[in-house]
Amino acid sequence: MNPIDLNEVLASFDAAWSPRIVTRVNDYDIRLARFDGEHVWHVHENTDEFFLVLDGEIEIGLRDPDERVVTLARGQVFVVPKGTFHKPSSKTGASVLLVEPAGTLTVGDEHDEVPDHVDVTTGHLV
């Protein structure tokens, strides 16, 4: 029941692709993550995924049904619709706030082979 300083949370970890759960709203996790390099192509069959770039720039590859890339700069938001294969990445590193139902895996319901640098998790509590 105390305010949460997002900058302090971000300063407390430096691992990319390993989100921290800063709070919950109803049945949704509010997560912070560092993006650096490429994630993995994956899909969340039953939920949308919300991205808000706090710092840096990210790209989200989409297959909807044609393949395209959405670029987001600081302060921009994007929602990947449920059932859409996507692949987040950041060439220069970024800090991102994500909103997903609690228990949602970072690699979705179906995914390509997961590289070692991607943490397969439902998030780590702050």
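Visitor: In which strand does Thr-23 lie?

Guide: Thr-23 belongs to strand β1, which spans residues 20–25. Please keep in mind throughout that this is a predicted model.

Visitor: Is Thr-23 buried, partly exposed or exposed?

Guide: The general idea is a pair of cut-offs: a residue is buried under 20% relative accessible area and exposed over 50%, and partly exposed in between. Thr-23 has 35% relative accessibility, so it counts as partly exposed.

Visitor: How far apart are Thr-23 and Val-126 in sequence and in space?

Guide: For such a pair one reads the sequence separation beside the C-alpha distance. Thr-23 and Val-126 are 103 residues apart in sequence, and their C-alpha atoms are 8.2 Å apart in space. A second pair is Phe-85 and Leu-62, 23 residues apart along the chain, with 5.9 Å between their C-alpha atoms. Phe-85 is in strand β7, residues 85–101, and is partly exposed because its relative accessibility is 21%. Asp-14 sits in the loop between α1 and β1 and is exposed, at a relative accessible area of 70%.

Visitor: Which side chains meet Asp-29 in salt bridges?

Guide: The criterion here is a side-chain nitrogen of Lys or Arg within 4 Å of a carboxyl oxygen of Asp or Glu. Asp-29 meets Arg-24 at 2.5 Å, N to O, and the side chain of Arg-31 also forms a salt bridge with Asp-29, at 3.2 Å.

Visitor: Why do Asp-29 and Arg-31 count as buried?

Guide: Asp-29 counts as buried because its relative accessible area is 0%. Arg-31 is likewise buried, with a relative accessible area of 0%. Arg-24, by contrast, is partly exposed, at 46% relative accessibility.

Visitor: How many salt bridges does the count come to?

Guide: The count comes to seven salt bridges. One of them joins the side chains of Arg-68 and Asp-64, at 3.1 Å from N to O. Arg-68 is partly exposed at 40% relative accessibility, and Asp-64 is partly exposed at 32%.

Visitor: What is the peptide bond from Asp-64 to Pro-65, cis or trans?

Guide: The angle to consult is omega. The bond from Asp-64 to Pro-65 is cis, with omega near -10°. Pro-65 is placed in the loop between β4 and β5, the latter covering residues 67–73.

Visitor: Which residue other than glycine has a phi near 60°?

Guide: Trp-17, which is not a glycine, has a positive phi near 60°. Trp-17 is in the loop between α1, residues 6–11, and β1, and it is buried because its relative accessibility is 3%. Asn-26 also has a positive phi, of about 55°, although it is not a glycine. Asn-26 is found in the loop between β1 and β2, where β2 covers residues 28–38. Asn-26 is exposed, with a relative accessible area of 73%.

Visitor: Where is His-44 found, and which side chain does it join in a polar contact?

Guide: His-44 is in the loop between β3 and β4. A polar contact of 3.4 Å joins its side chain to that of His-42. With 3% relative accessibility, His-44 counts as buried.

Visitor: Where is Glu-45 placed, and is it buried or partly exposed?

Guide: Glu-45 is placed in the loop between β3, residues 42–43, and β4, residues 49–63. Glu-45 is partly exposed because its relative accessible area is 38%.

Visitor: Which residues gather with Glu-45 in a patch of negative charge?

Guide: For a patch, one reads charge and accessibility together: its members have over 30% relative accessible area and no salt bridge. Here Glu-45 gathers with Asp-109, Glu-110, Asp-112, Glu-113 and Asp-116 in a patch of negative charge on the surface.

Conventions:
Residues numbered from 1 in each chain as written. Predicted model: local features only at pLDDT ≥ 70, side-chain atom pairs only at ≥ 80, totals over all residues. Heavy atoms only, no water. Patch = residues over 30% accessible without salt bridge, like charges linked within 9 Å, V, L, I, M, F, W, Y side chains within 5 Å. Areas by Shrake-Rupley, 256 points an atom, 1.4 Å probe, with all protein chains shown as cover. Lys, Arg positive; Asp, Glu negative; His and termini not counted. Charge placed at Lys NZ, Arg CZ, Asp CG, Glu CD. Helix = DSSP H or I, 4+ residues; strand = E, 2+ residues; numbered from the N terminus. Buried < 20%, exposed > 50% of the residue type's maximum accessible area, 1.4 Å probe, protein only. Polar contact = N/O pair within 3.5 Å; in protein donor to acceptor, adjacent residues only side chain to side chain.
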